[in-house]
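Thank you for making the time this morning.

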Amino acid sequence: MPAYMLGSKKPRIHPTAVLAPNSTIIGDVVIGQRTSIWPGAVIRGDYGYIRVGSDCSIQDNVVVHCSAEDPTIIGDGVTVAHSAVVHACRVGDECLIGVGAIIFDGASIGKHSILGVGSTVLGGARIPPRSVAVGAPAKIIRRATDKDVRLIKESYRAYVEMGRRYAKSDTYKKPIVLGG
Ligand SMILES: CC(C)(COP(=O)(O)OP(=O)(O)OC[C@H]1O[C@@H](n2cnc3c(N)ncnc32)[C@H](O)[C@@H]1OP(=O)(O)O)[C@@H](O)C(=O)NCCC(=O)NCCS
C-alpha cells in the first residue's frame with residue numbers, strides 16, 4: 001500500500017479506492033469511494049490537509065499538495081488529468097482538470113467546470129461554476145454546455161470503470177517478472 005503516516009496523521013482511504021503501487025499518499029489525506037490514483041501521482045498532506053471525494057481520477061504524475069493556510073479539497077466525480085498540479089485550492093464536484101493544468105493556492109474552481117490542457121489558475125482566482133477556462137493565466141472563454149457536462153460525467157465514469165477493471169484483474173498485485 002503506497003500510503004504513509006506523518007506523525008499521528010494517517011491517510012484514510014476508502015476500501016473501494018484503487019491505488020497504483022507507485023503512487024504516494026502521505027499524512028492528512030482522505031480518499032473517497034471508487035476514486036482511482038494512477039502511477040506516479042503524489043498526494044501529500046503535510047502542511048495541512050487534503051480531501052479527495054468519490055469517483056475521482058487522480059491521474060499519472062499528478063501532484064496534489066496543500067499549504068498551512070489552504071487545504072486542498074477536491075469534490076466528487078472530478079477528473080484530474082495527467083501531470084496536473086492541484087496546489088492548496090478547491091475543485092468543485094464534476095470538474096475536468098485538463099492535462100498539465102495548474103491550480104494554485106487559494107484558487108477555486110466551481111462545479112461542472114473544465115480547465116483546459118496546460119492552463120494555469122493563479123493563486124486566489126475564482127472560476128465560477130459551469131465555466132470553461134483556458135490559458136495562463138486562465139480566462140473563461142464560455143459557459144460549459146450540457147454537452148460539456150455530459151463529457152465530464154463520461155470522463156469520470158470511464159475512469160471509475162477503468163479502476164474497477166484494474167482491481168478485478170489484480171493488476172497491481174501481480175507484477176510480471178520480465179525475462180522470467
Ligand atoms: C478547454 C477545451 C474543452 C476547449 O475546447 P473547445 O470549446 O472545443 O475550444 P476550441 O478548441 O474551439 O478553442 C476555443 C479557443 O480557446 C483556445 N483554447 C482551447 N484550449 C486551450 C488551452 N488548453 N489553452 C489555451 N487556449 C486554448 C483555442 O485556441 C481557441 O482560441 P481562439 O478562439 O483564439 O482561436 C479543450 O481545449 C481542452 O483543453 N479540453 C481538456 C482535455 C483534457 O485534458 N482531457 C483530459 C483527458 S484524460
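Before I describe the sheet, let me say how pairing is meant here: two strands are taken to pair if DSSP finds at least two bridges between them. Please also keep in mind throughout that what you are looking at is a predicted model.

With that in place, the protein contains an open sheet of 8 strands with mixed pairing, and the order across the sheet is E3-E5-E7-E10-E13-E16-E19-E20. Strand E3, residues 18-19, and strand E20, residues 139-143, each have a single partner strand and stand at the edges, so one side of each is left without a neighbour in the sheet. In total, the secondary structure comes to 1 helix and 20 strands.

As for the overall dimensions, the C-alpha atoms fill a box of roughly 50 × 40 × 30 Å along the principal axes. The radius of gyration is 16 Å, which agrees with the value near 16 Å that a compact globule of 180 residues would have. Of those 180 residues, 44% count as buried, and among contacts with a separation of 6 or more, 13% are between residues 24 or more positions apart.

Let me now go through some of the pairings inside the sheet. The hairpin made by E19 and E20 has 4 residues between the strands, and within it Gly135 takes a positive phi near 95°.

Several of these residues return when we turn to the ligand, whose surroundings include Ala81, Ile114, Val132, Gly135 and Ile141.

Next comes the helix, H1, which covers residues 146-168 and so has 23 residues; from its first C-alpha to its last it reaches 33 Å, close to the 33 Å expected at 1.5 Å a residue. An α-helix has 3.6 residues a turn, so residues three or four places apart point the same way. In H1, the buried residues are Ile152, Tyr156, Tyr159, Val160 and Gly163, and the buried residues of this helix pack against E3, E5, E7, E10, E13 and E16. After H1 comes Asp170, whose phi is positive, near 50°.

I will finish with two individual positions. Gly32 sits in the loop between strand E4 and E5, and it counts as buried because it has 20 C-beta neighbours inside 10 Å. Leaving aside residues up to four places away in sequence, Gly32 touches His14, Val52, Gly53, Ser54 and Asp76. Tyr4, which lies in strand E1, counts as partly exposed, because it has 14 C-beta neighbours inside 10 Å. Between Tyr4 and Cys66, which are 62 residues apart in sequence, the C-alpha to C-alpha distance is 16 Å.

Key:
Residues numbered from 1 in each chain as written. Predicted model: local features only at pLDDT ≥ 70, side-chain atom pairs only at ≥ 80, totals over all residues. Helix = DSSP H or I, 4+ residues; strand = E, 2+ residues; numbered from the N terminus. Rg over C-alpha atoms; globule rule 2.2 N^0.38 Å. Buried ≥ 20, exposed ≤ 12 C-beta atoms within 10 Å, placed from the backbone. Contact = placed C-beta atoms within 7 Å. Near = placed C-beta within 6 Å. Expected span 1.5 Å × (residues − 1).
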